[in-house]
Amino acid sequence: ARKLWELETEIHRPTPPPGPDIVIPFPPPPEAEDTFTLGPLPYQVEWIEEPSAVKLALWGVGSGKTAVGLYHLILVALAWDRMRCLVVAPTYTMLEDTILPMLEEMDQLFYDINGFRLIAKRKLTQLKFKLFNGTWILFRSAERPHRLRGPTVGFIWLDETSTMSNEADVYEIALSRLRGRGPRQLIVTTTPMGDVGIVGSILEH
């Protein structure tokens with residue numbers, strides 16, 4: 001796997017796609033009500049706009065790190081048409097309980113605001129979602145890291161890495177998959193649990 005310092009350092013900042021003005025709603029938590037008008041907070045905006053090849057959101061419970069990760073993912077996915085993105089969570093249950101419901105809510109809000117769907121196609125048996133611009137988002141579990149070796153992607157989001165039982169393997173394999181069309185950027189959103197594993201590797205470099 002390529003080391004962190006070998007990754008490209010120039011990253012294209014996420015920008016909305018060309019054409020009519022498109023509003024990308026900030027995703028509310030699954031249990032929230034009437035919060036879709038709220039955008040990212042200043043510290044979240046600062047993190048989103050940081051163009052580093054590898055970014056770490058080491059924030060506490062309730063800080064909105066998963067919502068920011070999803071929002072950033074969609075910004076990048078819409079800035080690059082026909083690319084492939086990979087999202088990895090510790091388990092499929094965590095994907096189904098948190099990230100996927102937020103994505104579906106975001107799709108509905110996007111439709112309410114813009115008049116057309118963010119998600120153009122779903123392959124639920126494979127957990128693959130195609131956006132209206134042709135970009136695919138693949139969702140995977142970290143439970144069997146060797147299964148992450150297949151896809152070549154241009155953007156990766158690792159969520160809650162501190163609870164992954166084999167996070168070192170996940171991180172190494174993830175870096176090796178960043179060879180596709182796109183910014184070749186890896187973002188990590190997780191709760192502070194010590195400077196070990198993926199967090200330790202990022203902070204070290």
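How many of the residues of strand 5 are buried? In this predicted model, residues are numbered from 1 along each chain as its sequence is written; local features need pLDDT of at least 70, side-chain atom pairs count only at pLDDT 80 or more, and totals for chains, interfaces and linings use all residues. Side-chain values rest on heavy atoms, with hydrogens and water left out.

Strand 5 is mostly covered, with 6 of its 6 residues buried, where buried denotes under 20% relative accessible area, exposed over 50%, and partly exposed the range in between (1.4 Å probe, protein chains only). Helices (H or I, at least four residues) and strands (E, at least two) are DSSP runs, numbered from the N terminus. In a regular strand the side chains alternate between the two faces of the sheet. In strand 5, W136, L138 and R140 point one way, whereas I137, F139 and S141 point the other way, and all are buried.

The protein chain as a whole contains 5 helices and 7 strands, in the order α-β-α-β-α-β-β-β-β-α-β-α from the N terminus. Of its 205 residues, 52% are buried. Among contacts (heavy atoms within 4.5 Å) with a separation of 6 or more, 73% involve residues 24 or more positions apart.

In soluble globular proteins, nonpolar side chains tend to be buried together. A nonpolar core is defined here as a set of buried Ala, Val, Leu, Ile, Met, Phe, Trp, Tyr and Cys residues joined through side-chain atoms within 4.5 Å. The largest such core has 39 residues, and I74 and F139 have the most contacts inside it. At least two residues of this core come from each of helix 1 (42–49), helix 2, strand 2, helix 3, strand 4, strand 5 and strand 6; helix 2 gives the most, with 10 residues. Leaving aside residues up to four places away in sequence, I74 touches I24, L103, M106, L118, L131 and I137. A second, separate core of 20 residues includes V88, A142, L186 and V188.

Helix 3 (residues 92–114) comprises 23 residues and spans 30 Å from its first C-alpha to its last, close to the 33 Å expected at 1.5 Å a residue, the expected span being 1.5 Å times one less than the number of residues. A bend of about 35° occurs at I99, with the proline P101 following within four residues; the bend is the angle between axes fitted to the seven residues ending at a position and the seven starting there. Buried residues of helix 3 include L95, I99, L103, M106 and F110. Their cover includes helix 2 (65–79) and strand 5 (136–141). Just after helix 3, G115 takes a positive phi of about 85°.

Positive phi values also occur in residues other than glycine, including R82, near 60°, and L127, near 50°. R82 lies in the loop between helix 2 and strand 2 and counts as exposed at 58% relative accessibility. L127, in the loop between strand 3 and strand 4, is buried, with a relative accessible area of 11%.
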